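Let's take a walk through this structure together, going from one side-chain interaction to the next. Keep the viewer open and follow along as we go.

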Amino acid sequence: MVTTDAAPAIPPVATRTPIMRSHHGDDVEDAYEWFRAKDDAVVIAHLEAENAYTRARTAHLEELRGRVFDEIKGRTLETDLSVPSRRGTWWYYGRTLEGQQYGIQCRAPLSSPDDWNPPVLAPDTEVAGEQVLLDGNIEAEGHEFFSLGSFEVTADGTRMLFGVDVAGDERYVVRVRDLVTGEQLPDEIPGTFAGATFSPDGRFIIYTTVDDAWRPDTVWLHEIGTPVESDEKLFHEPDERYWVGAGFTRSDKYLMIGVGSSITSEEWLVDASDLRAEPRVVWPRAEGVEYDSDHAVVDGEDVLFILHNDEALDFELVRVAASEPAGERTVVVPHRPGERLLGMSTFRDWGVLGYRRAGLPRLGLLDYRSGRVDEIDFDEPLYAVGSGGNPEWAPPLLRLGYGSFVTPGTVYDYEIATGELHLRKRQPVLGGYEPTDYGQARVWVTAQDGAQVPLSLVWKRSFGEPGSAPRPVHLYGYGSYEHSIEPGFSIPRLSELDRGVIFAVAHVRGGGEMGRQWYEDGKLLAKRNTFTDFVDCARHLVDSGYTTPSTLVAEGGSAGGLLMGAVANLAPELFAGVLADVPFVDALTTILDPSLPLTVIEWDEWGDPLHNADVYAYMKSYSPYENVREVEYPKILAVTSLNDTRVLYVEPAKWVARLREVGADALLKCEMVAGHGGVSGRYNAWKERAFELAWLLDTLGVADA
């Protein structure tokens, strides 16, 4: 039961209803596990009471929230277009319109078959032959939430599929539209995972579904015009540790079915000309071996380029015959310790290799015959780059996305023949933004065990160089799943920088910034390194004069929210505030329960505390909810969503209730119609970020700046 005071500034008090948990001889009394009953009216009432309390406690920030929202909106070109990508006989692109929440998917015909230079589009100029394919604003009418999980047009341009989620639970209904007649076809596939795709001939849709634990486990074949009940099961993975996905090679030669856990993968080939044929395995799975393959034709032979880590910690690239992939391997790019190979994309005449060196992503062009890799150079000390928007098999240009902390998102076309970069578009930033007004740098922090941890900084130069005098600092971290936090540009972040805040990213172990070993040293029974690295970065910022504990706020989301809860317990004295987005703060309870979404899959990342007493004890030693203690905590804001299937709302709800027991100033904000990514719609997202930034700026003491 929940009781609330008539004065809204009094926090809601949840009844303690102890539930016993017993594992490995350890009996634990959990007073708030009853929050897990999502359909219980008392639980919903508690979440609503938490929201009311948070609104009351942050009411004084309403004007600041409005200002920050207006700043984000005022810097954004609301009516805009993306750079068109060529596929078949059309240019495909997106539009946004001022005042509308969602994007509009469009296309326009090529001027000729040799037309490879995308048309330069302007918001106020009519596009010849433009067709509107999907208007998200129309599709979202009548729904509080709207998300597009699949969108594709057939190779001949005559049909379109799109998958829609209107609840936030990441289960999509796929529909099909005839683009010649505009007719909505009767085909409707409910309950799909994201990423449905057409077969190259447009006759079929390949899609995946999830099991009760929200694990994509089955690949299906749907023939257009037939009942969904007659769809054929192409592949099923019974092992609960593995996800399944499917997609066609760029060559359209094969359907590739991928099976993977966080440490092991396996791929199966199906000839695209006979999708009902029995899939054949590329390499049989071997525990701890990951690989990823792509098809190419070299000297008339069908080959697979396979990126793998079999006795190659940072991966190597090999080439095998597609007819016998388990046969002889030709090493194309050998394993180089510390240079992590990330991915390979094949085109008809050349390949693109993504890799990471010295903490930054790189791209190189691979010559199939010589094996030479020519790196594409950029002149900023920190940047992020990747290839994308390249559906064609034999283009003369490679589409790249580029940016940095100070350079807005940029689209280039790299000309293969000349090595020239053609600037197609740079994200407009209204209001007179000048990149030279801002600085970015990377410093290195010595961790407790001697490891060198990269720490990235971005700041506005008019407030002085970092370290010249203490300044407010916003320190961000993640540190799980080998995910790297790249130095990317953010319009909302300008609202901080322009108030004198330094934004910093601690590239802690558990991420992938420094290669595979960096990840290995921050997972399983080495997970504590993630937390202590972040604390060491915070201490460095204080000890080196960048900031003070009273002007330092930490932020992280999802697994980074676990990081936030852990550092709040480890070093509460270092921070004025902690912002935890969809935080994984009740990690042990979740990972103990294999019936919950994703739990079994997560055992490769965190360990299996259900069957291993050592893992249980280790996770219990750091799980934030388990380790709340009688200390003076920084201010805490936890943000969650009721329909999140990845990190359930119950985790931050329990954590906040437990923090309140020890006197912490903790707030919970729960979106009642949203998922793991928060609210939908760009204006709603800006309002959500403005709410968080207003709280952060107020905590840093610069709300009036």
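Predicted model: local features only at pLDDT ≥ 70, side-chain atom pairs only at ≥ 80, totals over all residues.

## Charges, rings and cysteines

E33 has a relative accessible area of 17%, and because buried means under 20%, E33 counts as buried.

What does R36 touch beyond its neighbours up to four places away in sequence? The list is D586, T589, L596, L648, Y649, V650 and K654. One of these, L648, is 612 residues away from R36 along the chain, yet their C-alpha atoms are separated by 8.5 Å.

Across the whole structure, a search finds 53 salt bridges. One of them joins the side chains of R372 and D374, at 3.1 Å from N to O. R372 is partly exposed, with a relative accessible area of 46%, and D374 is also partly exposed, at 33%. Salt bridges can also be chained together through shared partners: D30, E33, R36, D586 and K654 are joined into one network in this way. That brings us back to R36, which has both D586 and K654 among its contacts.

Another salt bridge connects the side chains of R362 and E375, with 3.8 Å between N and O. R362 belongs to strand β28 (residues 360–366) and E375 to strand β29 (residues 373–375), so this pair ties together parts that are 13 residues apart in sequence.

Next, move to E290, in the loop between β21 (280–281) and β22 (291–298). With a relative accessibility of 15%, E290 counts as buried. Its side chain makes a polar contact with the side chain of R516, at 2.8 Å. Leaving aside neighbours within four places in sequence, the contacts of E290 include S262, I263, T264 and S265, as well as L307, H308, N309 and F315. R516 is on that contact list too.

From charges we can turn to rings. How many aromatic pairs are there? The count comes to 26 aromatic pairs. Take Y207 and W220, which form a stacked pair with 6.5 Å from centre to centre and 15° between the planes. This pair links distant parts of the chain, since Y207 sits in strand β15 (residues 204–210) and W220 in strand β16 (residues 216–223), 13 residues apart. Y207 has a relative accessibility of 5% and counts as buried.

For an edge-to-face arrangement, look at Y433 and F489, with 5.4 Å centre to centre and 65° between the planes. Y433 is in the loop between β33 (421–426) and β34 (438–446), and F489 is in the loop between β36 (473–477) and α4 (491–497), so the pair ties together parts that are 56 residues apart in sequence. Y433 is buried at 15% relative accessibility, and F489 is buried as well, with a relative accessible area of 17%. Aromatic residues also come together in a cluster made up of F378, Y383, Y402 and Y412.

Charges and rings meet in a couple of places worth a visit. R107 lies over the face of W90, at 3.8 Å from the ring centre. Over at F691, the charged end of K669 sits over the ring, 5.0 Å from its centre.

Our last stop is the cysteines. A disulfide is a covalent bond between the sulfur atoms of two cysteines. How many disulfides does this model contain? The count comes to zero disulfides. To see where individual cysteines sit, look at C537, which counts as buried at 0% relative accessibility. C670 is buried too, with a relative accessible area of 3%.

Key:
Residues numbered from 1 in each chain as written. Heavy atoms only, no water. Phe/Tyr/Trp six-rings, centres within 6.5 Å; stacked < 30°, edge-to-face > 60°. Helix = DSSP H or I, 4+ residues; strand = E, 2+ residues; numbered from the N terminus. Buried < 20%, exposed > 50% of the residue type's maximum accessible area, 1.4 Å probe, protein only. Lys NZ or Arg CZ within 6 Å of the ring centre and 35° of its normal. Polar contact = N/O pair within 3.5 Å; in protein donor to acceptor, adjacent residues only side chain to side chain. Contact = heavy atoms within 4.5 Å. Disulfide = S-S within 2.5 Å. Salt bridge = Lys/Arg side-chain N within 4 Å of Asp/Glu carboxyl O.
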